[in-house]
Amino acid sequence: MNILVIEDDSHISAFLKQGFEEMGFNVSCIADGKQGYQLVTQDDFDLVILDLMLPTWDGLDVLRRLRGEGYQVPIIILSARHLVEEKVQGLQSGADDYLVKPFAFAELAARCQTLLRRQMPTNSQSQLVYNDLKLDLLTRKLFRREKEISLKQREFDLLQLLMQQPERVFSKTVILEKIWGYQFNPQTNVVDVLVCRLRSQVDKGFEQPLIHTIRGVGYVLKYES
């Protein structure tokens, strides 16, 4: 899931980027209205968070241009403009939702997830399924058969990585880069610890393990009959 934040306040942008990336989203930030418009028309975003008071093009200009040209990407306005008339104007111009600053990140995240769910014509696009595992990327819930399994943030991220390419062996270095986002000493044991925690959640109590260690190579999600 790719989110574009069009916001000229660098502190808010950084806050949103960190928050949504911790939820597993890919986040791009731009501080200029015209450049934000160009990014939406050039790239594939699943949702846009749009400020109204922006350099070059005002947020309403961006919104009207995108809707006028037929772009249907969900857009939520995040603005300090709080009057009812301003909210109505934003919604009538094509915004899917409107949230006033200051805001609670939890509320913004919930509204974004609601908009993303509405865009899904079927559950299959928001879920990863392998064997008897089902991982919902929007609700961030995992089920094995009918049992719901609770995962912490990095456990979820690792399982998502494995389920996106089942039966591919991931080395420790690749997992470090994908999950932590920066380089560690390849000799560190943080990956082993994380895999052990995930395995205890996913495989414990089931006769068929799905997470396997390929000694000297890495880890893989696969079903062995």
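Guide: The axes of α6 (153-164) and helix α8 (residues 190-202) come within 10 Å and cross at roughly 80 degrees, where axes are lines fitted to C-alpha atoms over the stretch in contact and angles run from 0 to 180 degrees between N-to-C directions. Since angles of 65 to 115 degrees count as roughly perpendicular, α6 and α8 are therefore roughly perpendicular to each other. This is a predicted model, in which local features need pLDDT of at least 70 and side-chain atom pairs count only at pLDDT 80 or more, while totals for chains, interfaces and linings use all residues. Residues are numbered from 1 along each chain as its sequence is written, and side-chain values use heavy atoms, leaving out hydrogens and water.

On the α6 side, R154, E155, L158, L159 and L162 meet L194, V195, R197, L198, Q201 and V202 of α8, contact meaning heavy atoms within 4.5 Å. These residues divide into seven nonpolar, one polar and three charged.

Helix α6 also gives the largest share of the lining of the largest pocket, seven residues. That pocket holds about 760 Å³ of space (an open set of points on a 1 Å grid where a 1.4 Å probe fits, with protein on both sides within 12 Å along at least five of seven lines; lining residues have an atom within 4 Å of a point). Of its 27 lining residues, G24, F25, N26, D157 and K178 are the closest to the centre. Domain 1 (2-119) and domain 2 (127-221) both contribute to the lining, so the pocket lies between them.

Notes. Points joined across faces, edges and corners; volume = space filled by probe spheres on them. Helix = DSSP H or I, 4+ residues; strand = E, 2+ residues; numbered from the N terminus. Domains from an automatic or database assignment. Parallel < 35°, antiparallel > 145°, perpendicular 65-115°, else oblique. Nonpolar A, V, L, I, M, F, W, Y, C, P; charged D, E, K, R; others polar.
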